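Subject: Structure handover

Hello,

Please find the structure below. My notes on it follow.

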Amino acid sequence: MNRILKILRKVKNLNFEIKYKDGRGRVGILKTPHGTIKTPALMPVIHPGKQTIQVADYGAEVVITNAYLIYKNEELREKALQDGVHELINFPGPIITDSGSFQLSLYGDVEVSNQEIVEFQEKIGTDIGTSLDLPTPPSVKRERAEKELKITLQRAQEALEVRKELMLNSVVQGSTFPDLRSECAQALGEMDFQVHPIGAVVPLMESYRYHELVDVVMSSVSYLPDSRPRHLMGAGHPMLFSLAVAMGCDLFDSAAYILYAEADRLLMPNGTLKLENLYEMPCSCEVCTNYTPDELRGMEKEKRRDLLAIHNLRVSFAEIRMIHQAIIEGSLWELVEQRCRAHPFLLEALRNLKNYQDDLEKYDPPYKKSAFFYSGPESLNRPEVHRHLERVKRIPPKKSVLLIPRTTKPYSEHLHHIPPEFYRIKGEPNLENSTDDRQVTVVDVPFGVIPLELDQLYPLAQNESPRIHDEDSILMVKNILHDYIKDFEEVIVSEKVLRTFRLDEEFPTKDEYSEPLEIIVDDVERIKMIADYQFGSGSGEALFNTSVKIVKSRKTGKIRHVYDGDELIATLRASDGIFVLAREGARRLHRYLPYPKNRVVVNEDAEPFAREGKSIFAKFVINCDINIHAKEEVLIVNEEDQLLAFGKSILNGKEILDFNTGQAVKTRKGGL
């Protein structure tokens with residue numbers, strides 16, 4: 001089925017490419033007839049005929065304007081038909097045009113048909129046009145939402161039949177019914193559109209119903225093709241951008257920069273300021289550094305409006321750039337948590353994202369440049385925590401477990417700091433061979449349980465959290481421990497862990513454990529457990545089932561290379577502690593893992609290039625393991641499952657199958 005879908009999409013989606021990922025957020029490149037757009041991108045709304053600011057001077061590389069307003073004004077219409085929309089609004093870069101749906105939502109009717117407005121947008125040279133969808137506001141009766149959704153889908157199909165070369169938007173509708181949003185997204189995703197706006201959400205944002213906005217966006221993006229940008233219509237406040245990007249939105253449009261300025265309000269990443277309340281200007285843009293609040297308040301309204309609009313543009317584009325940087329370095333979730341604390345209802349929206357953990361984890365790269373910084377209870381819901389708790393289940397349990405408190409990282413090098421008081425809360429005092437078959441596990445926030453052999457892996461070694469725990473983290477770790485210790489016959493726990501995470505409430509009867517504790521991490525056990533955690537249960541034994549030779553760094557004393565004789569199997573990467581395969585390691589993993597696990601399957605055209613060690617582009621992939629994450633070690637095979645090469649995935653499995661542009665895998669070695 002995946003292969004069939006791939007073939008069907010060969011002629012589509014040729015305009016968008018992902019460069020970096022974090023969460024569902026992506027830094028991408030969208031190509032249009034008038035230039036390239038780097039996403040995420042903010043598109044200022046330009047009112048045709050009323051433009052007062054050249055937004056390109058303040059950071060705009062794409063704008064949006066209203067084709068219906070141009071169509072309805074005879075003077076504007078003639079000029080646009082003669083000179084083009086770029087000349088009309090004096091903007092040389094990419095222009096997206098709306099079809100009149102906004103006016104339709106306001107007034108209930110417009111004096112143009114879907115066919116007419118699509119044809120008009122193509123005639124005036126817009127880069128990306130929009131079909132005349134039917135915007136269904138929030139909280140209407142389901143019967144109305146279903147009826148209007150049917151019309152929206154009919155008009156979408158009609159727009160495709162009308163357009164010639166025009167790139168097209170088609171808007172996801174469905175009111176506040178998640179299943180209708182998903183139905184619409186799936187139907188539109190099977191049509192040949194280039195961009196997908198998520199519409200009729202402005203009323204949710206205006207009334208601070210951000211938790212419902214999360215449901216609308218997630219139920220839409222989860223069913224849209226990954227290979228097409230998503231546009232959150234009407235989202236113009238910078239405090240919303242990072243949350244929307246983390247959910248998978250790529251484009252934003254709004255007239256907020258000028259509308260807020262007309263009301264003497266200044267946009268900021270953490271809220272809105274009223275000019276009447278300002279004693280000092282809030283930022284370092286040219287407006288804030290050259291004028292005082294008193295000077296602005298004393299100006300004529302039009303001049304003040306334009307200056308405040310410039311401030312609003314500067315702040316908005318600065319936030320977009322900050323989001324780009326956060327995605328590239330892997331700190332997007334921290335930025336989202338910071339911004340969502342600006343408003344209680346944004347914080348409510350962030351907490352609602354917990355309901356979409358499984359989806360977000362699939363898109364979130366497991367390995368990042370940035371460390372994990374705990375900023376509050378919401379950090380417990382990040383994809384990294386969810387992923388870790390699932391991967392710990394890959395490790396076969398031993399007979400006994402010793403639970404110790406956190407020390408300085410890496411934990412295995414600072415065991416002398418552990419307090420000496422321990423208790424047995426499960427098992428008998430004379431449990432045979434428990435010492436020889438004992439797992440030592442660190443208990444800490446936010447990851448709960450960290451087997452000592454994994455203490456050098458990302459993000460377990462690259463995270464920081466307060467030593468004074470909040471109530472949510474205490475309860476979460478307590479629940480994690482409750483499930484974790486079920487599989488062990490004997491449980492010995494540090495008194496500090498017992499008290500901190502309230503295990504004494506569950507185990508009021510306990511035996512003091514006075515036997516000497518000698519905690520040693522065996523190198524072979526370490527490499528096998530890392531492999532199980534990284535590739536799946538049993539992978540450690542499959543990779544290192546011979547008498548291996550372990551080579552450590554002279555500088556740090558940490559494991560760097562694993563050999564079988566003179567044959568390199570794998571290298572532990574210093575930056576994140578995961579295995580990078582060598583040829584022999586790829587062969588062993590390929591023999592062990594069943595098809596299609598950890599595999600990217602290329603067609604016969606790409607096979608010789610893979611064997612030469614050249615990177616794999618998405619358009620040559622015919623199948624892959626849908627559970628692959630971005631930045632993971634993958635095996636490159638042909639249709640007969642012959643191992644051709646191995647490398648690092650750029651996209652996740654679902655994206656690899658959906659995209660036909662850009663790299664899918666950065667190949668490390670070929671010639672297998």
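Two strands count as paired if DSSP finds at least two bridges between them. This is a predicted model, and the notes below describe that model.

Start with strand E16, residues 422-426, which pairs with E21 in the antiparallel sense over three bridges. Within that pair, Phe 422 stands opposite Tyr 513 in E21.

Both strands belong to an open sheet of six strands, in the order E18-E17-E15-E20-E16-E21, with mixed pairing. Strand E18 (448-451) and strand E21 (511-513) are at the edges; each has a single partner strand, so one side of each is without a neighbour in the sheet. From one strand to the next, the twist averages 35 degrees. Helix H20, residues 471-484, packs on the sheet and touches strand E15 (400-405), strand E17 (438-444) and E18. The direction of H20 makes about 55 degrees with that of E18.

Next, a residue in a helix. Glu 319 is part of helix H15, residues 301-329. Is Glu 319 buried or exposed? Its relative accessible area is 2%, and the cut-off for buried is under 20%, so Glu 319 counts as buried. Leaving aside residues up to four places away in sequence, Glu 319 touches Pro 238, Phe 241, Pro 269, Leu 335 and Arg 339.

Last, the cysteines. A disulfide is a covalent bond between the sulfur atoms of two cysteines. The count of disulfides here is zero. For Cys 340, the nearest cysteine sulfur is that of Cys 249, 13 Å away. Cys 340 is buried, at 0% relative accessible area, and Cys 624 is also buried, at 3%.

Regards

Definitions and conventions. Residues numbered from 1 in each chain as written. Predicted model: local features only at pLDDT ≥ 70, side-chain atom pairs only at ≥ 80, totals over all residues. Heavy atoms only, no water. Helix = DSSP H or I, 4+ residues; strand = E, 2+ residues; numbered from the N terminus. Axes fitted to C-alpha atoms, helices over the stretch in contact; angles between N-to-C directions. Contact = heavy atoms within 4.5 Å. Buried < 20%, exposed > 50% of the residue type's maximum accessible area, 1.4 Å probe, protein only. Disulfide = S-S within 2.5 Å.
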